[in-house]
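Dear colleague,

Please find the structure below, handed over for your use. A summary of the findings follows it.

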Amino acid sequence: MSKTALRAAGISLAVAFACSLAGAANAQLVARKDISSAMALTIAETAIATCKANGYNVSANVLGRNGEVIVAMRGDNTGPHTLENSMKKAYTARAQRRPSGDFGDSIKDNFTAGALHLTNIVPTRGALPIKVGEDTIGAIGVSGAPGGEKDEACAKAGLDKVADELK
Amino acid sequence: MSKTALRIAGVSVASALAAGLAGSANAQLLTHKDISLAMATTIARATIDACKAQGYNVSVHVLGREGQVVLAVRNENAGLATFENSMKKAYTARTFSRSSGEFAAGVKGNPNAGALFLTNITPAQGALPIKIGNETIGAVGVSGAPGGEKDEACAKAGIDKVVADLK
């Protein structure tokens with residue numbers, strides 16, 4: 001190997017080493033944006049108030065990135081199952097990164113779909129994922145209106161209220 | 001028996017029957033006043049704000065008459081256990097119709113107290129019953145401040161906010 005070639009190889013090694021120190025790809029922290037309890041309260045209150053205005057009493061759950069409950073609200077005069085159901089719908093929307101009803105539609109003819117047998121997964125409309133761009137950071141689930149599409153409309157109203165902050 | 005006496009007896013029986021139909025004491029419905037979601041939201045917000053003003057981040061649960069969750073708020077800056085703990089404290093205050101701290105003091109010298117082995121009962125200060133007179137209709141539980149008495153003070157601030165409506 002010539003002296004020049006050796007020097008070039010040395011420089012290459014030094015550059016590679018410096019790069020690995022600067023941006024060790026396997027050890028970097030993950031940078032995330034998450035839902036605050038203040039935002040979750042706003043979403044849930046808006047969803048419930050919207051359904052109330054439409055004449056429906058509903059319960060709502062706002063879940064975070066890992067499916068954890070950030071806010072759970074039991075609506076006045078709702079059925080006892082609505083708090084659980086709104087949580088499960090939200091969990092489904094979070095897990096599937098799409099409306100729980102879209103998931104339901106996709107497995108409509110497949111009762112043995114594996115996802116249906118996971119804990120807290122339901123094929124019921126009424127929940128929407130909460131997204132920042134393509135990143136799903138949580139979900140809002142609603143239960144109590146006579147029809148999942150009516151629940152979902154209230155969930156959407158809740159999300160619309162904070163749309164400007166979801167960035 | 002004279003004719004008059006018989007007539008009086010007949011009237012008495014008729015009166016008793018009428019009274020029995022009108023107010024059959026064993027079959028009347030119960031009349032309750034219960035916490036609305038709006039009231040629970042006001043309590044929770046005031047509780048969180050009171051602790052925040054002192055520099056403490058807390059999670060809060062407001063439970064209803066049957067110990068059911070009316071409102072749950074997870075504080076993103078509080079410890080992981082605070083969400084569960086605020087629920088258990090509130091459940092304890094609801095169950096024993098007194099502050100969870102008083103319950104704790106009551107069982108302090110008795111680790112074998114039966115109540116300690118019930119689900120969701122915890123001997124930790126930080127929750128207060130929500131009462132109308134002597135009737136307990138729910139509880140608010142707080143967790144996250146450095147000391148149960150500080151949690152309880154925030155719970156009190158929450159209840160104080162709605163005290164005029166607790167009647």
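Two residues are in contact if their C-beta atoms, placed from the backbone, lie within 7 Å. This is a predicted model, in which local features need pLDDT of at least 70 and side-chain atom pairs count only at pLDDT 80 or more, while totals for chains, interfaces and linings use all residues. Residues are numbered from 1 along each chain as its sequence is written, and chains are lettered from A and ligands numbered from 1 in the order in which they are written.

Chain A

Chain A contains 5 helices and 4 strands; helices (H or I, at least four residues) and strands (E, at least two) are DSSP runs, numbered from the N terminus. Along the sequence, the pattern of chain A is α-α-β-β-α-α-β-β-α. Of the 167 residues in chain A, 42% are buried. A residue is buried if 20 or more other C-beta atoms lie within 10 Å of its own, exposed if 12 or fewer, and partly exposed in between. Among contacts in chain A with a separation of 6 or more, 66% join residues 24 or more positions apart.

The nonpolar core

A nonpolar core is a set of buried Ala, Val, Leu, Ile, Met, Phe, Trp, Tyr and Cys residues joined through C-beta atoms within 7 Å. The largest one has 72 residues, and Ala47(A), Val62(A), Ile140(A) and Val140(B) have the most contacts inside it. Helix 2 (residues 37-53) of chain B provides the largest share of this core, 9 residues. Leaving aside residues up to four places away in sequence, Val140(B) touches residues including Ile43(B), Val60(B), Ala90(B), Leu128(B) and Ile159(B).

The contact between the chains

Chain A contributes 15 residues to the contact and chain B 12 residues. On the side of chain A that touches chain B, strand 2 of chain A gives the most, with 5 residues. Strand 2 of chain A pairs with strand 2 (residues 69-73) of chain B in the antiparallel sense over 3 bridges; two strands pair if DSSP finds at least two bridges between them. Within this pairing, Ala72(A) stands opposite Ala72(B).

Backbone exceptions

Most residues other than glycine have a negative phi. Asn77(A), not a glycine, has a positive phi of about 60°. Asn77(A) lies in the loop between strand 2 (69-73) and helix 3 (82-96) of chain A and is exposed, with 9 other C-beta atoms within 10 Å. Ser97(B) also has a positive phi, of about 55°.

Yours sincerely
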